[in-house]
There are 6 protein chains.
Amino acid sequence: MEPRTVEASRSILVKWMGPTDANSAGFVHGGTVMKLCDEVAGLAAIRHCRLRVVTAAMDRMTFLLPIHVGELLTLKASVNAAWRTSLEVGVRVEAEDPRTGDVRHTNTAYLTMVALDEHGRPAPVPPLASSGAEEERREREAQLRRSNRLAEREEIRRRRERAGEEA
Amino acid sequence: MEPRTVEASRSILVKWMGPTDANSAGFVHGGTVMKLCDEVAGLAAIRHCRLRVVTAAMDRMTFLLPIHVGELLTLKASVNAAWRTSLEVGVRVEAEDPRTGDVRHTNTAYLTMVALDEHGRPAPVPPLASSGAEEERREREAQLRRSNRLAEREEIRRRRERAGEEA
Amino acid sequence: MEPRTVEASRSILVKWMGPTDANSAGFVHGGTVMKLCDEVAGLAAIRHCRLRVVTAAMDRMTFLLPIHVGELLTLKASVNAAWRTSLEVGVRVEAEDPRTGDVRHTNTAYLTMVALDEHGRPAPVPPLASSGAEEERREREAQLRRSNRLAEREEIRRRRERAGEEA
Amino acid sequence: MEPRTVEASRSILVKWMGPTDANSAGFVHGGTVMKLCDEVAGLAAIRHCRLRVVTAAMDRMTFLLPIHVGELLTLKASVNAAWRTSLEVGVRVEAEDPRTGDVRHTNTAYLTMVALDEHGRPAPVPPLASSGAEEERREREAQLRRSNRLAEREEIRRRRERAGEEA
Amino acid sequence: MEPRTVEASRSILVKWMGPTDANSAGFVHGGTVMKLCDEVAGLAAIRHCRLRVVTAAMDRMTFLLPIHVGELLTLKASVNAAWRTSLEVGVRVEAEDPRTGDVRHTNTAYLTMVALDEHGRPAPVPPLASSGAEEERREREAQLRRSNRLAEREEIRRRRERAGEEA
Amino acid sequence: MEPRTVEASRSILVKWMGPTDANSAGFVHGGTVMKLCDEVAGLAAIRHCRLRVVTAAMDRMTFLLPIHVGELLTLKASVNAAWRTSLEVGVRVEAEDPRTGDVRHTNTAYLTMVALDEHGRPAPVPPLASSGAEEERREREAQLRRSNRLAEREEIRRRRERAGEEA
């Protein structure tokens with residue numbers, strides 16, 4: 001399969017936060033942001049794979065600053081790394097007060113998406129053609145997160161075995 | 001502050017998946033499930049702290065099996081560990097086909113919630129009184145995830161420094 | 001058809017009330033609660049019949065106490081009585097303030113559901129195997145409501161006939 | 001207080017049923033119709049009382065015929081009877097297929113609404129000035145439903161006492 | 001094709017404005033009103049044509065007075081003119097405060113709808129049988145708007161040509 | 001007041017069309033697109049004026065091509081002209097199929113927005129600093145639309161006067 005550049009699948013969603021996105025104190029729900037992160041990551045993955053995709057994991061999503069009703073949410077997604085049938089998409093969330101123009105970085109999320117063929121089985125995805133220092137750094141960090149994830153799962157499995165406990 | 005048991009804050013949400021929760025193929029969006037996980041984790045955290053809480057991080061959420069429109073989603077949350085002003089809540093998601101009664105474990109999620117005082121500043125949370133082998137195992141695993149998270153952040157920071165790159 | 005126990009179809013829905021469930025004064029709409037009652041009654045009926053069901057009537061639903069945004073609504077449904085192609089489902093609604101843990105009984109509703117076969121025609125439903133004093137009492141009360149409903153309909157029909165009025 | 005005519009508070013809501021109002025088979029949920037009945041009954045009650053109102057009970061709501069996505073729902077509400085601080089509102093629901101112009105009577109509902117003063121306490125409502133045979137018949141039938149409701153409640157209370165059971 | 005009267009397709013939608021229809025200051029969004037105008041215009045067009053229709057243009061919609069949460073919105077649509085495969089529908093929007101009964105004319109909109117056959121291609125629509133001075137005036141004004149629209153498009157096209165600019 | 005450039009207030013919204021945005025045939029409602037146009041125009045106007053704004057008119061909105069569920073809607077708004085207390089915002093809507101990357105121009109809309117001071121009265125808006133041939137052309141065309149609008153209103157008023165008709 002032809003490698004595809006990071007640029008080719010870069011995706012963006014922009015949504016104005018309304019009362020239904022927030023609690024009664026006017027703070028946007030974490031769940032609202034998670035849902036939009038899932039949406040924009042799916043968009044980037046579809047563009048990279050040209051296939052239907054499903055979310056396999058949300059790995060580390062941090063909430064740095066609160067978001068308010070009336071602010072503009074911009075979600076930028078790009079593919080960080082591609083493996084055989086899955087890929088990691090990084091999402092950066094920014095909130096802007098449109099009256100003042102102030103922009104704040106509010107969230108970062110990393111999602112693993114799996115491509116599916118027409119029978120719903122995992123399908124091979126195009127390799128990623130990273131270029132430049134930043135894209136290569138992102139690819140290495142995605143690899144590190146993946147290794148840590150697998151190591152953590154293994155560590156927990158071993159601990160449970162030792163203790164004779166079930167999951 | 002008085003320690004509180006895991007039992008005291010155990011929480012549950014049960015929702016029937018409708019067409020607005022899914023894509024046009026009838027599969028429930030990952031984002032829908034994330035949003036409900038955030039909701040039920042917030043519920044458990046409020047019950048533990050008796051304070052307003054915000055989501056600080058969603059740490060590892062896996063999607064094991066697809067969920068369909070017409071299925072019943074049950075989300076069970078319990079506090080795994082409590083630190084000074086934050087706590088980890090574990091969420092287990094199960095989907096059931098109400099016609100057959102078949103239940104499948106579809107997701108697991110771990111969220112870090114922070115308690116806030118009336119001025120919106122982080123506030124101390126009651127210690128967790130874990131009891132029994134399973135609750136103690138969950139507490140140790142929450143501690144492991146936290147250590148790994150801090151170590152990963154440190155590792156990425158060091159790598160970037162070495163490379164003279166900016167975040 | 002094999003009789004089925006009340007326990008086998010007992011159903012529960014749990015939902016956190018948000019701003020879209022309420023009027024601007026923060027009180028949850030009666031209509032929101034009715035809709036959820038219909039949902040949980042349908043769930044119990046599907047579990048009892050293992051068939052598609054439709055709502056035939058909502059018979060007596062009382063609103064005892066107001067419910068507020070931010071409260072947790074728990075709806076518990078169980079089959080009270082089963083007739084040839086229909087059944088009565090009782091729903092008990094409780095509201096809880098998650099900060100204080102106070103629970104209030106806010107509503108009771110009785111719904112008649114009809115089972116449908118694959119052509120959309122009324123289909124026989126399994127008999128109900130009530131057991132114990134409470135379940136038997138509920139069954140008798142369902143029977144009383146049904147008799148009253150039929151008698152009231154007859155009384156109104158007779159009055160209108162006497163008066164030569166049309167419905 | 002000045003009596004008010006039935007005409008003065010007659011209310012109507014008209015809504016086009018969309019995909020979010022229905023199940024995946026295209027049938028409109030009973031709960032959707034209940035919610036709109038509550039809305040239009042509240043509207044008629046506000047117009048009669050010129051006060052805030054709450055739903056006290058939904059008494060008998062029948063579902064005669066299924067409603068489909070794409071149909072137009074018309075809900076007509078009028079005050080049937082007024083007591084000291086409450087009133088009964090009758091709602092007639094009709095569904096129309098806008099392509100053929102066919103109209104079907106799909107539901108009837110009777111709701112009891114209570115008027116509230118600015119402190120949220122029950123407030124006196126204007127008497128109803130029924131006029132003509134039909135309005136007077138509706139008022140008598142509302143009275144009958146109210147008597148039956150009170151008698152049924154009493155009957156169930158007595159039965160439970162005899163059996164030494166708790167509610 | 002048989003001409004159809006204006007009366008035969010006259011349509012109405014009535015909706016109670018809730019918190020999700022408004023901004024946080026309690027003013028109903030212009031977009032909410034536009035969406036309902038599109039809905040009621042589609043309804044009138046379907047009734048006139050007995051065919052599926054799509055919106056071709058929204059031509060001039062004015063917002064005269066603000067609408068508030070808690071008000072009742074009534075949208076009245078009637079066909080003003082019919083051409084070969086399209087028609088103009090006029091919509092009048094009124095807002096009412098149900099406590100005082102005050103009604104205000106808040107919006108007027110003119111939409112052009114196109115009828116489609118079963119293959120999604122423009123289909124002939126029945127002529128309009130206007131009758132009476134008001135209906136004939138509306139038809140002439142619709143014709144004027146159409147001429148102006150075509151003239152404006154032509155004027156802009158000519159100006160751009162002269163300037164050698166692209167659209 | 002300091003003039004502001006077109007660039008300074010250029011705004012964008014990007015939304016993925018889901019089942020709730022469309023009819024049951026999978027076509028996105030005209031009303032959905034109108035609502036988003038109103039939203040993005042409001043955003044551009046707020047950025048230009050740094051004040052609260054309301055929609056005064058939607059002037060000419062055309063629907064060139066149908067939009068489908070699953071497509072990505074991008075709405076680009078820019079201020080075309082500024083008068084004393086109002087401004088015209090032009091919106092260009094594009095739909096993209098994310099699997100193929102095909103982008104289609106589906107709609108154009110022109111909205112007049114009015115700025116409000118803290119008492120809700122029309123407030124002066126900053127002049128527009130158009131620069132370059134395209135921005136100047138857009139400003140002239142906005143002026144033409146405004147003149148046509150006023151002339152059409154006058155023409156209709158005169159006709160009605162001549163005929164002794166009321167509006």
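Predicted model: local features only at pLDDT ≥ 70, side-chain atom pairs only at ≥ 80, totals over all residues.
Strands are DSSP runs of E with at least two residues, and helices are runs of H or I with at least four, numbered from the N terminus. Local features need pLDDT of at least 70, side-chain atom pairs count only at pLDDT 80 or more, and totals for chains, interfaces and linings use all residues. Residues are numbered from 1 along each chain as its sequence is written, chains are lettered from A in the order in which they are written, and side-chain values use heavy atoms, without hydrogens and water.

β6(A) pairs with strand β5 (residues 86-96) of chain A (pairing needs at least two DSSP bridges). The two run antiparallel over 11 bridges. E94(A) lies opposite H105(A) of β6(A). Six residues separate the strands of this hairpin, and G101(A) has a positive phi near 85 degrees. Strand β3 (residues 52-63) of chain A is also antiparallel to β6(A), joined by 10 bridges. Here M61(A) faces A109(A).

Elsewhere, helix α2 (residues 133-162) of chain C packs against helix α2 (residues 133-162) of chain D. The angle is about 155 degrees and the axes are 11 Å apart. The two helices are therefore roughly antiparallel (angles over 145 degrees). Residues in contact (heavy atoms within 4.5 Å) include R137(C), L144(C) and I156(C) of α2(C), and R137(D), L144(D) and I156(D) of α2(D).

Technical notes
Axes fitted to C-alpha atoms, helices over the stretch in contact; angles between N-to-C directions. Parallel < 35°, antiparallel > 145°, perpendicular 65-115°, else oblique.
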